[in-house]
Amino acid sequence: MTSCYLHGINLCEHIEIDIARHRQQIVLAPSIVDPVRRANKSDSRQENFAKISHELLFSSLLEIAPSHRTSVYENGLRNLGLSKSKRRIDLNGLVHELRSFHNNFEGYCCQDRLLSSQLQPMRWVREIFARPSRAIHPICHLLLIEFLFKDIATFRDKLMGCQGAEISDKDEVISRKKSKLPFDPDRNKNKLSDVGISCRLLAQELCTSVTSIVQLRRRMGILVSERSKTITQTKRKNVHDKLRSGMSPVSVSEQENLSVSTVYRLLHESPEVEAVHKKIKGEQELDRCRKLWKHLCKKHRKEGVTKIRSLASATYHWLYRNDKAWLKEMCNQVPKKRVKPKNRVDWKKRDITLRKKLIAYVAKLTSQVNHPRISKSLMLRRIGDAMARRNVVRLPTLWKEIHNQEESVQSYQIRRLERVMATYLIDESCSLSMILRKAGIGKLDPILTLHLKKKFNFTDC
């Protein structure tokens, strides 16, 4: 709120929130308050918003279900003519009317957030109706309530009236489903055995279906009256015989002119028929799966078990769960197909490419006057050290070029000596130690000594 509706003046900020002593309370530092500052009169829109906020805080409303609150909003929109056919809401029209009613939220500190982006203006309006359970800022609800109902009192009356209508419509459903607990036949065995209680009354008391009570009583051997017009004893016997033979309930229902649910009910009411039917169906399914797997193994014998599994995955999994030993024996008879892995790298092409890259790198180094020694490690770091060392056999041309381009230590020292002799003026007063120090050579070996005697005429080596 930015205004006080009791006094009709705007609220003033006397302290920055960053320097407030109590950031969770509206407590101001006494030294900051300016007693000379005069209050500015607020406009009517600010006063209305402050008033409706005050009314909502002290309205003592109970907790409102999101769906119930949304239905109240929808009723208010219908009264304003902002709903389409089939209970659809004209959201574009609602957004336009809201902006006109609140004058594009001028003067609100959160104007930008209320208007949202240009692609989806005022998205919060759509969220209130499309996703009622999502948390939306209370300011958004206050703005919508002010537009639809003008004040909190009217909103509260509409809320209570709609809630009373919904409760009256659901009284019967709630009374029937009151204290509904999972049905336990063992705990209610005495009530099931009492033939004085009808199946319908017992079903209502135990919160279950009449069909479940009938099936449980027939399993216990209690006689339950039949529907003589539809299912006779002869028809029941015919259904049981066909189920014992292994026929599916769908086929039995077509032949006996019964619904599939009735055939299943007759199947479950007799444990003996149900056990026989289950056993026969299992044998039939086992025979079908075995024949199919044998046929696939014979047809795709050269392609391996993996290919056969991809063609009949459901059959494989059923046999794995119910006939694992036979399946394992059949899979062992299929020869295993060993696929030679293909090389992902064309090593011949890579060998040529890396050799060209190495030649270009060495040429670039030798073009420099003061370049480092062209060693094997230096060249390998440029082209990939670990890869080249691991694949010596696959990269013969590259390694041949590495050995040809490699510079020995003696050659590197001779090159440094020649660079020093060419750079500095060496006369007879220059000693050998000074020349070696400038070249960065610490100790002479026999080959380097011989080179100095021949090329530079040093006799004191």
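Before we look at any pair of helices, let me say that an axis here is a line fitted to C-alpha atoms, for helices over the stretch in contact, and that angles run from 0 to 180 degrees between N-to-C directions. What you see above is a predicted model, in which local features need pLDDT of at least 70 and side-chain atom pairs count only at pLDDT 80 or more, while totals for chains, interfaces and linings use all residues. Residues are numbered from 1 along each chain as its sequence is written, and side-chain values use heavy atoms, with hydrogens and water left out.

The chain has 24 helices and 2 strands, these being DSSP runs numbered from the N terminus (helices H or I, at least four residues; strands E, at least two). Of its 461 residues, 33% count as buried, meaning under 20% relative accessible area with a 1.4 Å probe, protein chains only.

Let us turn to helix α3 (residues 91–101) and helix α6 (residues 138–149), whose axes come within 11 Å and cross at roughly 90°. That makes α3 roughly perpendicular to α6, a term that covers angles of 65 to 115 degrees. The contact (heavy atoms within 4.5 Å) is made by L94, E97, L98 and F101 of α3 together with L143, L144, E146 and F147 of α6.

Which residues of helix α10 (residues 210–219) are buried? They are I213, V214, Q215, R217 and R218, and the buried residues of α10 pack against α8 (189–193), α9 (199–206), α11 (233–244) and α13 (260–268). After α10 comes G221, with a positive phi near 85°.

Technical notes:
Buried means under 20% relative accessible area, exposed over 50%, partly exposed in between (1.4 Å probe, protein chains only). Angles under 35 degrees count as roughly parallel, over 145 as roughly antiparallel, 65 to 115 as roughly perpendicular and the rest as oblique.
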